[in-house]
Amino acid sequence: MPDWRAHVRQSLGKCSGDSAEEERIIRELAEHLEEYYLALCDNGSSEEEAFAKTCAQAGGWDELRRGILSAKQEETMQERIRQVWLPGLVTSLGSYFVLALLQRVAIRSFAGHPGIPHGVVFYSLWLVVLPVVGAGGGYLSRRWDGAGWQVYLGVLVPAMGLAVILVALFLISTVAGPRVPLLMKLPALAVGILGWTVLPGAGLCLGAALQGLLHRNPLSPVRQESV
Amino acid sequence: MIRTELKRGTAELAVLSVLEEGPLHGYEIGRRIEDRSRGALCYTLAALYPLLYRMECRGWLRADWVTGANGRRRRTYRLTPRGKKKLKPLRAEWADLFRALRRVAKVSHA
């Protein structure tokens, strides 16, 4: 009986970046070839004939390797979408929706009371709500096996979006309004980045981190049910 | 004999159809398709496995290592609800194609 695993390993070459994954693929293909070979032997083929027919059944090894790599690449892209970009989109929609809602509510509730700093009220409330939104994004990412940087990158998308807007505004104002000195614009950009990127980002990450602790905790109610 | 290019297009429907009846491992999938098509559709490893991996990543199939009666562990594929959903429109698409071919090329047994 030929060593099909060694044969596949030698013929296929590198078919995945992950060695455990590669081993799994080699094992699966070897099982297939072995079964094909045994069926041929059972049907009266000689060992040489069965070996030659089985090798032909494999098709082109280069084609197989390219096909596997392409399928795995598609898998990686799908994983990125599910683990990073989809939670990022949901977190963005959630945070911007809450911000818009709080702005409306705050403006309505405090209309006629000019002494109350509306901006601070809705902004503080927004920061308080953001960990909940971040936890939602973290849950979505982890649900699709996202881990570590994937989870945090996903939940940071809204904060990064705001940073991009602030930097774009800074660049536009630098080009369009050159009379205002840069020394005045730079602190404004720094304050904007702190208030609209760093603090909201920290809130979102805090929520994702807390959700992660709950996800991992074996004594959490969800885990207890499954035990 | 059906040419490779033609067979490639049929593989998705063939794999989903045989898995509709129950979980199978890679060799059994190939074997069953070959038997059902009376040898007309015979996929090599290079045609079958990239397709299985692609369908798995699209969520149409789920694969698990299962120990068989002879103690051998094999990667067994089963249809997911998403795969079942995909099968119906795929069948309709092929039926439309066969009807069109029948009209255009007078393919009598398509």
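This is a predicted model: local features need pLDDT of at least 70, side-chain atom pairs count only at pLDDT 80 or more; totals for chains, interfaces and linings use all residues.
Good morning, colleagues. Let me begin with the overall layout. Chain B contains four helices and three strands, and from the N terminus these elements follow the order α-β-α-α-β-β-α. Of the 110 residues in chain B, 25% count as buried. Among contacts in chain B between residues at least 6 apart in sequence, 49% join residues at least 24 apart.

I turn now to the strands. Strand β2 of chain B, residues 61–67, pairs with β3(B) through seven bridges, and the two run antiparallel. Five residues lie between the strands in this hairpin, and G71(B) there takes a positive phi near 85°. Strand β1 of chain B, residues 24–25, is also antiparallel to β3(B), to which two bridges join it. What stands opposite A63(B) in β3(B)? The residue is Y77(B). Y77(B) is also the bridge partner of L24(B), and it returns in the contacts of L52(B).

Next, the nonpolar core. The largest one has 36 residues, and those with the most contacts inside it are V15(B), L19(B), L48(B), Y49(B) and L52(B). Which elements each supply at least two residues of this core? From chain A they are α1 (4–12), α2 (19–42) and α4 (61–109), and from chain B they are α1 (4–19), α2, α3 and β3. The element that gives the most is α3(B), with nine residues. As a general point, nonpolar side chains in soluble globular proteins tend to be buried together.

Leaving aside neighbours within four places in sequence, L52(B) is in contact with V15(B), G26(B), L61(B) and Y77(B). The second example, M55(B), is found in helix α3 of chain B. Why is M55(B) classed as buried? The reason is that 25 other C-beta atoms lie within 10 Å, and the cut-off for a buried residue is 20 or more. Again leaving aside neighbours within four places in sequence, M55(B) is in contact with V15(B), W60(B) and L61(B). M55(B) and L79(B) are 24 residues apart in sequence, and their C-alpha atoms are 9.8 Å apart in space.

Let me now take the interface. In this model, 13 residues of chain B are in contact with 20 residues of chain A. On the chain B side, the elements giving two or more residues are α2 (26–36), α3 (45–57) and β3 (73–79). Here too α3(B) gives the most, with eight residues. By residue type, the chain B side divides into eight nonpolar, two polar and three charged.

Finally, the last helix of chain B. Helix α4, residues 81–105, has 25 residues and reaches 36 Å from its first C-alpha to its last, close to the 36 Å expected at 1.5 Å a residue. Is α4(B) well covered or hardly covered? It is hardly covered, for the count of buried residues among its 25 residues is one. Just after α4(B), K106(B) takes a positive phi of about 55°.

Thank you for your attention.

Key
Residues are numbered from 1 along each chain as its sequence is written. Chains are lettered from A and ligands numbered from 1 in the order in which they are written. Two residues are in contact if their C-beta atoms, placed from the backbone, lie within 7 Å. Ala, Val, Leu, Ile, Met, Phe, Trp, Tyr, Cys and Pro count as nonpolar, Asp, Glu, Lys and Arg as charged, and the others, Gly among them, as polar. A residue is buried if 20 or more other C-beta atoms lie within 10 Å of its own, exposed if 12 or fewer, and partly exposed in between; C-beta atoms are placed from the backbone. A nonpolar core is a set of buried Ala, Val, Leu, Ile, Met, Phe, Trp, Tyr and Cys residues joined through C-beta atoms within 7 Å. The expected span of a helix is 1.5 Å times one less than its number of residues. Two strands pair if DSSP finds at least two bridges between them.
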